[in-house]
Amino acid sequence: MRIFSPKRYVASVDRIDLDELWAQGKRAIMLDRDNTLVPRDRKTAPAEICAWLDRARDKGFALYMVSNNWHRDQVMRSASELGLDAISHAMKPAPFALRAALRRMGRTAEEAVLIGDQLYTDVWAGNFAGVDTILVKPQTEVDLWYTQIFRIFERRALRDLTCEE
């Protein structure tokens, strides 16, 4: 089950300690869009997420949005608003988009972390790509129909994993 195991499970992106990541040698952060940065039922990221991204940038992290969302216009609009480069149609859990983002940032898998809200796409893709993964709780219960099905299995898989609040 290691392929489905995140390195950490955290309540939300803004709860992740950037100083701790930096001390671990991380210099690049890849982030999912839907329900990680931007709640599925909103068009923009909450202020606390924007502030966290600003702190990450100020600290020197390379940032990249990697989204499975097929609506390129939505992904690119969010990326622009958040000051990020982005890949849409990422096809996670396949690792190809993550590897492309790493190349574009000029970083290695060892220097990177992937943050996302889905075990069977984000965590799986990061682990396939050799990138440390941080799973966050989804920002809202609103999801696509097929994601709702995966959430049933996620809850079962995560029942023994403690979430850092």
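This is a predicted model: local features need pLDDT of at least 70, side-chain atom pairs count only at pLDDT 80 or more; totals for chains, interfaces and linings use all residues.
**Entry 1: the cores**

I went for the nonpolar core first: the largest one has 26 residues, and those with the most contacts inside it are Ile29, Leu31, Leu37, Trp52, Leu53 and Ile115. By nonpolar core I mean a set of buried Ala, Val, Leu, Ile, Met, Phe, Trp, Tyr and Cys residues joined through side-chain atoms within 4.5 Å. Buried is under 20% relative accessible area, exposed is over 50%, and partly exposed is in between (1.4 Å probe, protein chains only).

I then listed the elements that give two or more residues to this core: helix H1 (18–23), strand S2 (28–31), H2, strand S3 (62–66), helix H3 (72–82), strand S5 (112–116) and strand S6 (132–136). The largest share, four residues, comes from H2. A second, separate core of 19 residues includes Val66, Ala97, Leu98 and Leu114. In soluble globular proteins, nonpolar side chains tend to be buried together.

Residues are numbered from 1 along each chain as its sequence is written, and side-chain values use heavy atoms, with hydrogens and water left out.

What does Trp52 touch, leaving aside its neighbours within four places in sequence? I found Val13, Asp14, Ile16, Leu18, Ile29, Leu31 and Ile115. Contact here means heavy atoms within 4.5 Å.

**Entry 2: the whole chain**

I stepped back for the overview. The chain has six helices and six strands, and along the sequence they follow the pattern β-α-β-α-β-α-β-α-β-α-β-α. These are DSSP runs, numbered from the N terminus: helices are H or I with at least four residues, strands are E with at least two. Of the 165 residues, 51% count as buried. I also checked contacts with a separation of 6 or more: residues 24 or more positions apart account for 68% of them.

**Entry 3: the sheet**

In what order do the six strands of the open sheet run? I read S1-S6-S5-S2-S3-S4, with parallel pairing. Strands pair if DSSP finds at least two bridges between them. Strand S1 (8–10) and strand S4 (85–87) stand at the edges with a single partner strand each, so one side of each is left without a neighbour in the sheet. Neighbouring strands are turned by 25 degrees against each other on average, direction ignored.

Arg8 stands opposite Ile134 in S6.

H2 packs on this sheet and touches S2, S3 and S5; its direction makes about 155 degrees with that of S2. Axes are lines fitted to C-alpha atoms, for helices over the stretch in contact, and angles run from 0 to 180 degrees between N-to-C directions.

I looked at burial along H3 and got Val75, Ser78, Ala79 and Leu82 as buried. They cover an arc of only 100 degrees around the axis, which puts them on the same side of H3; the arc is that of the directions from the helix axis to the C-beta atoms. The buried residues of H3 pack against H2, S3 and S4. On the face turned away from the buried side I noted the exposed residues Asp73 and Ser80. Just after H3, Gly83 takes a positive phi of about 70 degrees.

**Entry 4: Arg57**

Arg57 lies in helix H2 (residues 47–59). At 32% relative accessibility, Arg57 counts as partly exposed. Not counting residues up to four places away in sequence, Arg57 touches Leu63, Leu82, Gly83 and Leu84. A polar atom of the Arg57 side chain lies 3.1 Å from the backbone oxygen of Leu82.

**Entry 5: Lys92**

Is Lys92 buried or exposed? I have Lys92 at 5% relative accessibility, so it counts as buried. Lys92 is found in the loop between S4 and helix H4 (96–105). Its side chain makes a polar contact of 3.0 Å with that of Asp32. A polar contact is a pair of N or O atoms within 3.5 Å; within protein, one must be able to donate a hydrogen and the other to accept it, and residues adjacent in sequence count only if both atoms are side-chain atoms. Beyond four places in sequence, the residues Lys92 touches include Asp32, Val66, Ser67, Asn68 and Thr121.
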